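Dear colleague,

Please find below the structure that I am handing over to you. I would ask you to look through it first and then to read the notes that follow.

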Amino acid sequence: MVEFDDTFRQHLRELFVWRRDVRRFRSDPLPEGAITRLIETACLSPSVGLSQPWRFVTVDDAARRRAVIDDFRTCNADALNCYSGERAARYATLKLSGLEQAPGHLAVFADKASDIGHGLGRATMPETTEYSVVAAITAMWFAARAEGIGIGWVSILTPARIHAALDVPETWKFIAYLCIGYPEIECDQPELEQAKWEHRRSADEFTLRR
Ligand SMILES: Cc1cc2c(cc1C)N(C[C@H](O)[C@H](O)[C@H](O)COP(=O)(O)O)c1[nH]c(=O)[nH]c(=O)c1N2
C-alpha cells in the first residue's frame, strides 16, 4: 500500500503548473537511456481494454529527421497563409517546434490493427485507441518534466509524409511527433500565452452543470 501525503500532492500540483510545451532546447544531450525510461513510464498509462496501442519510434537517422523538418517547414508556411492581417503577423513570430535543436526525436503512433485487449471498449468507440495513446504521451510529458527534461509536441506535419519518412506499418496511425531535450528556460506560463496568441481560461468556462 502506497500513501501520498500533502507534501507530495503539493509537489504534484507544481509539476502540473510547471510542465511546458518546450520549443527551445539546450544543445546538451540527454543521459543514456532517458528516452527508454520515459517510454517505460508512458507504458504504465491507462489504455482501452488494456490494449496498449502506443507504438514509439526513436528517430536518430539524420536523413529521416531532415524529412520531418522539411515537412514541418512546408506545413508551417501553409498554416501561416491561412491567417491574415495582425493574426498572420503574430503567427509569423511564433516558434512552433524545436525540431532543429532537440537532441531527442520521438514519433508516437496508435496501432489500429492490434488485437491486444480483444476489442474490449472499442466496439462503439474505436477512437479510444488514439485516446489511449494520448494518455500515454501526457504521462511521459509529466514524467519528463519531473526529471527536468522538456517535451515539445509537433503536429504541424503531414501524417502521410511522416509515415513515409519513418517507414512504419500501414496500420499505425500517426499521433504525435515529440522533441525531447533540456529546456533553455523553465516557466509557469504557456509560451503561446506569453506571445499573446491565446490565454488560459478558468475551469468554470469549460464546465457545465446539469
Ligand atoms: C495535440 C497537441 C498538438 C500540439 C500541441 C499540444 C497538443 C496537446 N502543442 C503545444 C501547445 O501549443 C501547448 O500545449 C499549449 O500552448 C499550452 O502550453 P503548455 O503545454 O501548457 O506549455 C504544439 N505546440 C507547438 O509549438 N507546435 C505544435 O505543432 C503543437 N501541437
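How do the residues of the shell around the ligand divide into nonpolar, polar and charged? They divide into 6 nonpolar, 2 polar and 3 charged. Here Ala, Val, Leu, Ile, Met, Phe, Trp, Tyr, Cys and Pro count as nonpolar, Asp, Glu, Lys and Arg as charged, and the others, Gly among them, as polar.

Two remarks on the source come before the details. The model is predicted, and local features need pLDDT of at least 70, while side-chain atom pairs count only at pLDDT 80 or more, and totals for chains, interfaces and linings use all residues. Residues are numbered from 1 along each chain as its sequence is written.

The surroundings of the ligand

The residues around the ligand are Arg20, Asp21, Arg23, Leu96, Ser97, Trp153, Val154, Ser155, Ile156, Pro190 and Leu192.

Arg20 is in the loop between helix 1 (6-18) and helix 2. Helices (H or I, at least four residues) and strands (E, at least two) are DSSP runs, numbered from the N terminus. Arg20 is buried, because 20 other C-beta atoms lie within 10 Å. The terms are set as follows: a residue is buried if 20 or more other C-beta atoms lie within 10 Å of its own, exposed if 12 or fewer, and partly exposed in between, with C-beta atoms placed from the backbone. Leaving aside neighbours within four places in sequence, Arg20 is in contact with Gly150, Pro183, Cys187 and Pro190. Two residues are in contact if their C-beta atoms, placed from the backbone, lie within 7 Å. Arg20 and Glu191 are 171 residues apart along the chain, and their C-alpha atoms are separated by 8.0 Å.

Val154 belongs to strand 3 (residues 150-154). With 25 other C-beta atoms within 10 Å, Val154 is buried. Not counting residues up to four places away in sequence, Val154 touches Phe72, Ser97, Leu99, Tyr177 and Cys179.

Helix 2 (residues 34-42) has the buried residues Ile35, Leu38 and Ala42. Why do the buried residues of helix 2 line one face of the helix? Seen down the axis of helix 2, they fall within an arc of 60 degrees, so they line one face; the arc is that of the directions from the helix axis to the C-beta atoms. The face turned away from the buried side of helix 2 carries the exposed residues Thr36 and Glu40. The cover over the buried residues of helix 2 includes strand 1 (54-58), strand 2 (104-111), helix 5 (128-146) and strand 4 (172-181).

A pair of helices

Helix 3 (residues 62-81) and helix 6 (residues 159-166) pack at an angle of about 170 degrees, and their axes are 9 Å apart. Axes are lines fitted to C-alpha atoms, for helices over the stretch in contact, and angles run from 0 to 180 degrees between N-to-C directions. Helix 3 and helix 6 are therefore roughly antiparallel to each other, a term for angles over 145 degrees, whereas those under 35 count as roughly parallel, 65 to 115 as roughly perpendicular and the rest as oblique. Helix 3 contributes Arg64, Ala67, Val68 and Asp71 to the contact, and helix 6 contributes Arg161, Ile162, Ala165 and Leu166. These residues divide into 5 nonpolar, no polar and 3 charged.

Ile69 also lies in helix 3. With 17 C-beta neighbours inside 10 Å, Ile69 counts as partly exposed. Apart from neighbours within four places in sequence, Ile69 is in contact with Leu99 and Glu100.

Residues in loops

Leu50, in the loop between helix 2 and strand 1, has a positive phi of about 55 degrees although it is not a glycine. Leu50 counts as exposed, with 12 C-beta neighbours inside 10 Å. His118 is found in the loop between strand 2 and helix 5. The phi of His118 is near 55 degrees, a positive value in a residue other than glycine. With 10 C-beta neighbours inside 10 Å, His118 counts as exposed.

Yours sincerely

Note on methods
A residue is near a molecule or strand if its C-beta atom, placed from the backbone, lies within 6 Å of it.
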